[in-house]
Each structure stands twice: as structure tokens, then as C-alpha cells.
Amino acid sequence: ELDMSFGGATPGDLERMVALCGPGLASLSVRGCPRLTGGALGAVLAGHPGLAATLTSLDMSQLRGCGGRFPPGVLHMTGLRALSASGCGLRGALDRGLWALATLRELDVSDNAIDDVSSVLPKIPHLEVVDLRGNAGLWEE
């Protein structure tokens with residue numbers, strides 16, 4: 001488990017720590033890291049393809065710079081069982097790339113600007129817990 005939440009870690013720090021932990025890393029939290037962006041997280045994850053099967057939990061909540069979508073490196077982590085992206089600036093329809101996360105059981109996309117989940121949630125077969133709070137575009141006025 002690597003927890004860098006609310007710290008001052010840079011993208012280089014994240015890269016070094018992930019490399020030190022190796023491909024057996026099961027849980028990563030970069031929640032609220034002000035010097036990290038979604039793009040930096042995606043690049044680090046994409047640079048460590050061995051994590052795709054072993055990383056089971058990722059908390060990227062309150063990470064800025066996601067550009068309204070999940071960073072591509074995140075969507076390649078096919079072993080994820082829990083993904084938290086609360087307050088990341090996600091917007092529009094939920095990313096169809098989540099279909100690749102067939103083992104996902106918990107998804108937190110609260111406090112974003114998501115307005116459609118209908119084409120994605122039914123395609124994630126083991127999903128048990130979904131947090132959609134704070135996505136006003138999902139609810140009819």
C-alpha cells in the first residue's frame with residue numbers, strides 16, 4: 001500500500017515511489033495531492049504495465065488536471081476493485097473505458113459534473129457500490 005494523500009509529492013516523487021514498491025503494489029492513494037495532476041498519474045501508471053493486474057485500489061480523489069475524463073493509464077488498471085475519483089472534475093457521460101475494469105466492485109465518482117451513466121454502469125459486471133452524490137446533471141429537475 002502506498003498512501004501519498006494530501007502530501008506535496010511531485011510527479012517525479014510518485015514515479016520513484018511506485019518503482020520502489022514494484023509490480024506487487026496493491027493500493028495507491030494520491031488523494032488531494034496539490035502538485036500532481038491526472039495526466040501525471042496516468043503517465044506513471046502507464047509506465048508500469050505490471051501494475052495493471054496487481055493494483056486493486058486507487059484513490060485519485062480531488063486530483064486536478066483530469067480534463068473531464070479518467071486519465072488513460074487509470075483505465076488500463078484491469079485488476080482494480082475500488083476506484084475513487086471524487087471531485088476530480090469529471091464531466092459529461094461516464095467514461096466508457098471503465099468497461100475494461102471487469103473486476104471493479106466499488107466506484108466513487110461523487111462531486112463531479114457527470115450527467116450520464118446509463119451506457120457504462122450496466123457493463124461493469126461485479127459493481128456493488130456506486131457513489132454518484134454531487135453530480136447534479138444526473139437528476140431531473
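**Exercise 1.** By class, how many nonpolar, polar and charged residues does the lining of the largest cavity have?

*Solution.* Keep in mind that we're working with a predicted model. Start with the cavity itself: the structure holds one of 30 Å³ or more. The space inside the largest cavity comes to about 40 Å³. Next, list the lining: G68, R69, F70, L90, R91, A93, L94, D95 and I114. Now sort these by class. Phe, Leu, Ala and Ile count as nonpolar, Arg and Asp as charged, and Gly as polar. The tally for the lining is five nonpolar, one polar and three charged residues.

**Exercise 2.** Work out how helix α1 is set against helix α2, and what kind of residues make the contact.

*Solution.* First, find the helices: α1 covers residues 11–21 and α2 covers residues 38–46. Their axes come within 10 Å and cross at roughly 25 degrees. Angles under 35 degrees count as roughly parallel, so α1 runs roughly parallel to α2. As for handedness, the crossing of α1 past α2 is right-handed.

Then pick out who touches whom. On the α1 side you'll find P11, L14, E15 and V18, and on the α2 side A40, L41 and V44.

Methods. Residues numbered from 1 in each chain as written. Predicted model: local features only at pLDDT ≥ 70, side-chain atom pairs only at ≥ 80, totals over all residues. Heavy atoms only, no water. Axes fitted to C-alpha atoms, helices over the stretch in contact; angles between N-to-C directions. Helix = DSSP H or I, 4+ residues; strand = E, 2+ residues; numbered from the N terminus. Parallel < 35°, antiparallel > 145°, perpendicular 65-115°, else oblique. Left-handed = near helix turned anticlockwise from the far one by under 90°. Contact = heavy atoms within 4.5 Å. 1 Å grid on protein atoms, 1.4 Å probe; cavity = no way out; pocket = protein on both sides within 12 Å on 5 of 7 lines; lining within 4 Å. Points joined across faces, edges and corners; volume = space filled by probe spheres on them.
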